[in-house]
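User: I am new to this structure. Could you take me through it in short steps?

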Amino acid sequence: MAYSELVKSFERIRGYMREFYVYGFRTREEFSAKSARSYDNERRRLESILGQYTSSARNASGKRVYLSIDSRSGGSDPLFRLLKACSFTARDITLHFMLLDILSEDAPMTLTEIIESLESYSAGFEQPMQYDESGVRKKLAEYEKLGIVRIEKQGRVVRYLRAAQHDLSAYADALEFFSETGVCGAIGSFVCDKVRRSGVFEFKHHYITHTLDSEVLYELLCAISEKRIVTVEHRSARNGIQHTWRLLPLKIFVSVQNGRRWVMAYSFELHRIKAYRLDYIESVVKCEKGEACPRFDELRGVLDDMQQRMWGVSCGDDSPAEHVEFTVFIGDNEEYIYRRMLREKRCGSVERVDEHTARFAADVKDPGELIPWIRTFIGRIIQLDFSDRTLENRLREDINKMYDMYGIGGDEDAVP
């Protein structure tokens with residue numbers, strides 16, 4: 001059988017993409033998740049779709065093949081190509097073009113008339129195709145949902161037309177910008193294929209790996225919009241164990257620092273709200289039909305209240321919030337430090353103590369989430385005060401070890 005570069009299982013290519021792009025330091029022999037043959041097949045598939053971004057290097061352990069994508073090299077996310085390389089059968093593609101050729105924008109046709117036209121259309125083929133009413137109806141319903149086909153009803157009679165084509169050239173720049181920055185930018189990328197790309201956008205921080213989570217994100221957004229419960233397959237980052245969770249998705253959180261995405265959802269197994277990283281969700285297995293979950297608005301309100309004490313995505317437990325406070329020095333002509341604190345304070349507060357001093361304070365469920373941000377003020381911190389003394393002492397030790405490492409000052413430079 002000839003090798004095909006089309007993507008049959010996007011979940012599988014999603015996993016391999018991480019191996020080649022995020023963890024591109026492994027050799028063929030070190031990749032143990034699947035067989036060597038599977039590795040070769042997916043590597044060839046990625047090379048055929050993203051060939052110009054494929055690189056390799058050799059060291060003592062062997063040859064490493066990896067993807068190297070410089071987000072500064074252009075405004076278009078190359079990973080969208082993976083979403084556009086889905087597989088299809090010869091019958092699928094033949095039926096697609098025949099339907100679009102038969103249907104018009106102003107002459108509606110019934111299902112019976114469409115099937116008769118299809119049979120007449122393929123009568124000249126060496127092997128004429130047979131069409132059953134159910135299959136064609138399902139394809140037309142799919143196209144109606146996608147906006148390719150319109151439906152007109154007159155009593156019990158249903159007629160189909162090709163949807164009108166719109167000139168989107170006036171929106172080219174907006175579509176291009178949305179495709180690279182929007183939550184479901186993959187939709188914008190598909191639409192952009194129909195218009196001229198201006199190529200006017202360049203991005204300093206261009207998070208492209210979230211493209212691989214587009215299908216999962218779409219299903220979760222649909223569930224949030226419909227207030228429905230979903231069942232997801234989630235693989236633990238800590239031990240690699242796969243879990244099946246029954247969740248009520250409430251909100252999507254996106255990090256402005258690294259582009260990571262989480263779904264904040266109520267777990268019916270854990271009986272609490274918890275964050276789940278989208279790149280660890282392998283699939284949204286099913287969405288329960290019927291009425292919307294009656295507890296959605298109640299739990300959404302609970303999450304809104306929790307956000308007043310959340311720095312990141314950690315909800316903490318039932319214990320009281322911890323107090324975090326630190327004071328920084330602001331030198332002459334350094335008002336940007338104070339403005340930055342105001343801009344990045346999130347659920348905390350910033351108080352201007354005097355001309356050269358500002359104090360940040362917050363009550364949060366998980367004070368550990370603030371540590372990376374607090375570290376960015378090292379060299380300016382003149383006082384620390386945490387209710388969690390263990391965490392405070394750990395931060396003090398880290399800062400003082402750094403001072404020792406670089407031979408900075410003496411005891412007078414230690415953080416009070």
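Predicted model: local features only at pLDDT ≥ 70, side-chain atom pairs only at ≥ 80, totals over all residues.

The questions and answers below go through ring pairs, sheets, helices and loops.

User: How many aromatic pairs does the structure hold?
Analyst: A pair of aromatic rings is described by the distance of the centres and the angle of the planes. Centres within 6.5 Å make a pair. The structure holds ten.

User: Is the pair of Phe-177 and Phe-201 stacked, edge-to-face or tilted?
Analyst: The ring centres of Phe-177 and Phe-201 are 5.3 Å apart. Their planes stand at 50 degrees. Planes under 30 degrees apart count as stacked and over 60 as edge-to-face. At 50 degrees, therefore, the pair is tilted.

User: How many residues apart in sequence are the parts that Phe-177 and Phe-201 tie together?
Analyst: Phe-177 lies in helix α7, residues 172-181. Phe-201 lies in the loop between α8 and α9. The pair therefore ties together parts whose separation in sequence is 24 residues.

User: Is Phe-177 buried, partly exposed or exposed?
Analyst: The relative accessible area of Phe-177 is 40%. Buried means under 20%, and exposed means over 50%. Phe-177 is therefore partly exposed.

User: How are the rings of Phe-326 and Phe-377 arranged, stacked, edge-to-face or tilted?
Analyst: The centres of the Phe-326 and Phe-377 rings are 5.8 Å apart. Their planes are at 45 degrees, so the pair is tilted.

User: Which parts does the pair of Phe-326 and Phe-377 tie together?
Analyst: The two residues are 51 apart in sequence. Phe-326 lies in strand β11, residues 322-329. Phe-377 lies in the loop between α12 (371-375) and β14 (381-386). The parts tied together are therefore strand β11 and the loop between α12 and β14.

User: Are Phe-326 and Phe-377 buried or exposed?
Analyst: Phe-326 has a relative accessibility of 0%. Phe-377 has a relative accessible area of 1%. Under 20% counts as buried. Both Phe-326 and Phe-377 are therefore buried.

User: Which residues do ring pairs link into a cluster with Phe-326 and Phe-377?
Analyst: Ring pairs link Phe-326 and Phe-377 into a cluster.

User: Which ring does the charged end of Arg-352 sit over?
Analyst: The charged end of Arg-352 is 4.7 Å from the centre of a ring. Another charged end, that of Arg-295, sits over the ring of Tyr-266, 5.2 Å from its centre. The ring under Arg-352 is that of Tyr-338.

User: Which are the edge strands of the open sheet of four strands?
Analyst: The strand order is β12-β13-β11-β14, with antiparallel pairing. From one strand to the next, the twist averages 15 degrees. An edge strand pairs on one side only, and here these strands are β12 (349-354) and β14.

User: Which residue in β13 is the bridge partner of His-323?
Analyst: Strands β11 and β13 (residues 357-364) run antiparallel. Eight bridges join them. The partner of His-323 in β13 is Asp-363.

User: At about what angle does helix α11 run to β12?
Analyst: Helix α11 covers residues 335-344. It lies across β11, β12 and β13. Its angle to β12 is about 155 degrees.

User: Which elements do the buried residues of α8 pack against?
Analyst: In α8, the buried residues are Gly-185, Ala-186, Gly-188, Ser-189 and Cys-192. Seen down the axis of α8, they fall within an arc of 155 degrees, so they line one face of the helix. These buried residues pack against α3 (80-83), α7 and α9.

User: Which residue in β5 stands opposite Thr-110?
Analyst: Three strands form an open sheet in the order β3-β5-β4, with antiparallel pairing. Two bridges pair β3 with strand β5, residues 157-162. The residue opposite Thr-110 is Arg-159.

User: Is Asn-333 buried, partly exposed or exposed?
Analyst: Asn-333 is found in the loop between β11 and α11. Its phi is positive, near 60 degrees, though it is a residue other than glycine. Its relative accessible area is 79%, and over 50% counts as exposed. Asn-333 is therefore exposed.

Technical notes: Residues numbered from 1 in each chain as written. Heavy atoms only, no water. Phe/Tyr/Trp six-rings, centres within 6.5 Å; stacked < 30°, edge-to-face > 60°. Buried < 20%, exposed > 50% of the residue type's maximum accessible area, 1.4 Å probe, protein only. Lys NZ or Arg CZ within 6 Å of the ring centre and 35° of its normal. Pairing = 2+ DSSP bridges. Axes fitted to C-alpha atoms, helices over the stretch in contact; angles between N-to-C directions. Contact = heavy atoms within 4.5 Å. Arc of directions from axis to C-beta.
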